[in-house]
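Hi everyone, thanks for coming. Could you all bring up the sequence and the model on your screens? I'll walk you through a few parts of it.

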Amino acid sequence: MSEPHQADDRPAWGNLLEAYRRLPGVADELYDSEGRVRPVWQPFLRDLAALDADELDHALARGSQYLRDAGVFFRQYAAGDSTERDWPLSHLPMLIEAGEWQNIATALMQRADVLEAAMADFYGPNQLVADGVLPARLLASNPEWLRPMVGVQPRHGHYLHFLAFDIGRGPDGKWWVLGDRTQAPSGAGFALETRMATSRSFSSMTSNANVMRLAGFFRRFRDTLLSMRDGETSRVAILTPGPLNDTYFEHSYIARYLGLMLVQGADLAVRENRLMVRTVSGLQPVSVVWRRLDAEWTDPLELNEGSQLGTPGMVGALRNGSFTMVNALGSGVLEARALMAFMPRMSEVLMGQPLAMPNIATWWCGGTAERDFVKANLERMTIDNAMSTRLPFDHGPNVVIGGRKLDGSPVDPDWIDRNGPLLAGQEVVSLSTAPALVDGKLEARPMSLRVFVARSGGGWVVMPGGFARIGNSAESADISMQRGGAVSDVWVVSDKTGPVDTLLETGGGSAKRTHDMSLPSTAADNLFWLGRYVERTDFKIRLLRALHARLAETGGGDYPLAVTLSDYLASLGMETDDPIFDGILEDMRCALRSAGQVRDRFSTDAWNALVDLTRTTEMFAERVLPGDDASRAFSVLLRKTSGFAGLVHENMYRSTGWRFLGIGRAVERTWGMMNFLRVFTDVEAPDGSLDLAIEVGDSVMTHRRRYAAGTSRDTAVDLLLLDDMNPRSVLNQLIAIDDHASFLPVSVEEVRMTPFQRRVLEMKTVLAAAAPREITPERLDDLSEDAASLTGLLADTYLQ
Amino acid sequence: MLYDITLRIEYAYDGMAAAGRHLLRLTPATIPGQQRVIAANLDVAPAPFERNFSHDFFGNRCVGVSYDEAVEETAFLMQARVDRAPLDPVFDVSPSLDRLTEELETILSVAADSPQHFRGRSPRIPPSSEVAAWARTQTSASPSALDAVRTICTALHAEMAFDPEATAVDTPLEEAFRARHGVCQDFTHIAICALRSVGVPAGYVSGFLRTIPPKGSARLEGADAMHAWVRAWCGMEIGWVEFDPTNNMMAGEDHVTVAVGRDYFDVAPVKGALRTAGSQETSQSVDMVAVSG
């Protein structure tokens, strides 16, 4: 085994490592304790060094581009404000050899068993307290020990199903557990996206061939969730706090990836102690909930009464055993930092064996002896809130590090005595360093791993990978993502090639299609409004383009048609004095907000098209001038709205959700065109109104072809209202709505037709039978009123 | 003493309130040696779609009701006949505050009656350095835990003004303490906070107070609505004692218990306000009348 030495003497990776400085007394991922490059890294480094500067730039850009295209972001909070931030990818993967990984996995599976047993005791007989293993006061003061859940047995026997562990490598080269994530661990979806991005960067590398795949892990966990249902027809839901949560992207991503329903608390209801989801076909039972919401917010009736994210009665439904919660409510009790002090003993008592991987040394200051020890060893301690669920290097405001408070003053030992039960001391950790790519060279940065563990039929499974947090400077141990750290993919490298694994090849899965009648009502509502807002934007852009084209021709706005058009725009909320893009930007943001609520339900491309439309408009708003310049800008925007419509029409599965989106678009177009025609076909309308109507209706060419004579009220009404072959005519919209509605669920009482369908059919019939001259202004008024009633009827029928 | 108790709570909503769900803790408890419920009845109007009964962690009786349609108002009417025993004289054999802490370390239990639940922060009672400093001063000379309870409750009664207009159900206790005014809920929360800060486990009792005092006694404060007082754990020997800081007395024959918990959060009589866009109005009335004979 002299190869490493040779490699160091004549490195096959050129000068890649010349800036790589290891820190004294700290373990390193690239180099082993003997100062040799670990074998697992060698092929990768060789491949990396073989790339020239351009190739490397392109490789990194491919990874970043993937994340942008996929719309991966997370939300960052700063000073009461929240912004979406790009996922902070550290492009270089973190490599671990499969044998070492197996040891990590085995140790963490054991820890998962200890936690499960502890959970069963905390919410069951409390033998650990009775036997003096765990101080009663520590459990009683844990805010995540949820008293309403005491004595409630989980339906399938297990409290924990999906866990994450943060681990780091200590100076002695051994792995340590830094934190247990048992409440609603996030990051598994991000791990998957990070893998996709990193694969894009380094797909051509031979060293990539033996990296273990992630899909099998997700497939097995999905099978676990599905197996806990009450039957084939009952549902699994992922419960999210909603789009304002920092990891909402991940919730919608996972829902889409696993094909599960994404719901918010308000989508759920409890009836006769059973959990139901409000769908477009009424209340439907839900038997498994994978929550991405901290327990206290799930039920305002028995838990945090201020919660608007939960479902009243959820705890009662659990007590009644009517559904499975993943993880059980109250599992956050295991995350408290002070509990780590008791984990070694709990493992001995509960499992009869020591922890296979130690956790970071911890002392709860509620015990006199422990408190004295902490006070006597202040220089090597971090002292922080005993109930903190943060990682050891993520400090609270009252943290004491090495005997000093954040302001640098020494801590008063009396303060520790007085607040003992509220405090826990932890040994200061120095994490190992791992390579990060900085200006084409590798640099050493502190690193910790997040590892995911899920329950499957045969026991625990560990995701062969996960992600590594990488610090942003060599000195700082602060690698929290919220403060500028980065995230890299974890490659578990085996010496044999693994089979390519994707979620699609489920082997033996039935191709039976299920009817998509369980669309949650709020999702349907959001899709409907998304359709409306995009169409409204499109229509307003057409009006604005017509106005500015005329301004450009005439140089001023005082002739009658321009006045009428300006007044009409004002009636839609766009005053002439306002900046010209304000009115449409407002609608675009409404569209984005609706879209943001249903990101699990339509494609990334369509989402990106919407974001692009808004960004472009924002850019135009800063520099485009009225008149010709604006007219051309609006043409650009129209191509973008058509692009969105095209993506939706060409690429979206004809689900119930797609139908609501389509109904929204057609309802808006009906309503918009009807109102518009009332003004611009009026006998009082100024000269040029009818031509403008034809132009806004995008029908100039057709009109020219179909009607030899010039524009008259009859030809305009015929083409824009009555012509079922014109895709922008009102009749065409009603036909589309009618068609969509025929695919929507119908309740028993309304076997033949819902009130919504009836109104659509009535309008359709009137238009289909009418001659242009029969459409009097009064008739238009009536139809316009009917159009306005459609939204309310739809909501009454499907969105309750 | 035998009492007939009537409690009426009404909510009127400005406009229809969407379908909702309530958790009610309104019915007196039977507590061996202290009080016995002879009959109790709880009417809910309009009639709920579902109704069920359960016990919470602390053993309180809870009635859950839910509506599947919007309502304009809801009314709860609780009537009970309760036999309340007179208070046994309490002899102070409680330990010193230091000794109390040592005794607590030997209690290896988190069952509902364990004092361990009542030592630290609870949902409505965060630690307060102001209250703690005040409590330390009051109890610096207290020879025993029971004395500390009496001293704190008596001092609070002397310093605080009873003022139903001054605070609302969600006024933070530190604010009420600073202004030295409030209602029974404020008195009770402040007393609990003070007791916990000096190491005495303390909890919250909700219940009723005799409306018309016996001849020759003054009318007690807080009898017009549901009342609240403190329970404190004073060592293995005497266990829990109940003290009413609003009226500066041990809770006794004039007090009937409904629920116990760490603070108001655990015992709130009506949980789960209905969802409504407009405002709502609440009214509450209580009658607790001694039955002669």
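Before anything else, a definition: I'll call two residues in contact if their C-beta atoms, placed from the backbone, lie within 7 Å. Also, please keep in mind that this is a predicted model, where local features need pLDDT of at least 70, side-chain atom pairs count only at pLDDT 80 or more, and totals for chains, interfaces and linings use all residues. Residues are numbered from 1 along each chain as its sequence is written, and chains are lettered from A and ligands numbered from 1 in the order in which they are written.

Okay, where do the chains meet? The contact draws on 21 residues from chain A and 19 residues from chain B. On the side of chain A that touches chain B, α5 (127-130) and α6 (136-140) each supply at least two residues. The largest share of that side is from α6(A), with 4 residues. Helices here are DSSP runs of H or I with at least four residues, strands are runs of E with at least two, and both are numbered from the N terminus. By class, that side of chain A has 11 nonpolar, 5 polar and 5 charged residues. Nonpolar here covers Ala, Val, Leu, Ile, Met, Phe, Trp, Tyr, Cys and Pro, charged covers Asp, Glu, Lys and Arg, and the others, Gly among them, are polar.

Now chain A as a whole. It has 25 helices and 21 strands, and its C-alpha atoms fill a box of roughly 95 × 65 × 60 Å along the principal axes. Of its 800 residues, 48% are buried. Buried means that 20 or more other C-beta atoms lie within 10 Å of a residue's own, exposed means 12 or fewer, and partly exposed is in between, with C-beta atoms placed from the backbone.

Let's zoom in on one helix, α23(A). How many of its 12 residues are buried? The count is 9, so I'd call this helix mostly covered. Among the buried ones are A:L731, A:L734 and A:H740. What covers them includes α19 (656-680), α22 (713-722) and α24 of chain A.

Take that last partner. α23 (residues 730-741) and α24 (residues 755-769) of chain A pack at an angle of about 150 degrees, with their axes 9 Å apart. The axes are lines fitted to C-alpha atoms over the stretch in contact, and angles run from 0 to 180 degrees between N-to-C directions. Residues making this contact include A:L734 and A:D738 of α23(A), and A:F756 and A:K764 of α24(A). Altogether the contact has 12 nonpolar, 1 polar and 2 charged residues.

A:L442 sits in strand β18 (residues 441-456) of chain A. Why does A:L442 count as buried? Because it has 21 C-beta neighbours inside 10 Å. Leaving aside neighbours within four places in sequence, its contacts include A:L16, A:Y20 and A:P435. A:L442 and A:R21 are 421 residues apart in sequence, yet 9.2 Å apart in space, C-alpha to C-alpha.

Over in chain B, B:P127 is in the loop between α1 (97-105) and α2 (129-139). B:P127 is partly exposed, because 13 other C-beta atoms lie within 10 Å. Not counting residues up to four places away in sequence, B:P127 touches B:R121, B:A132 and B:S197.
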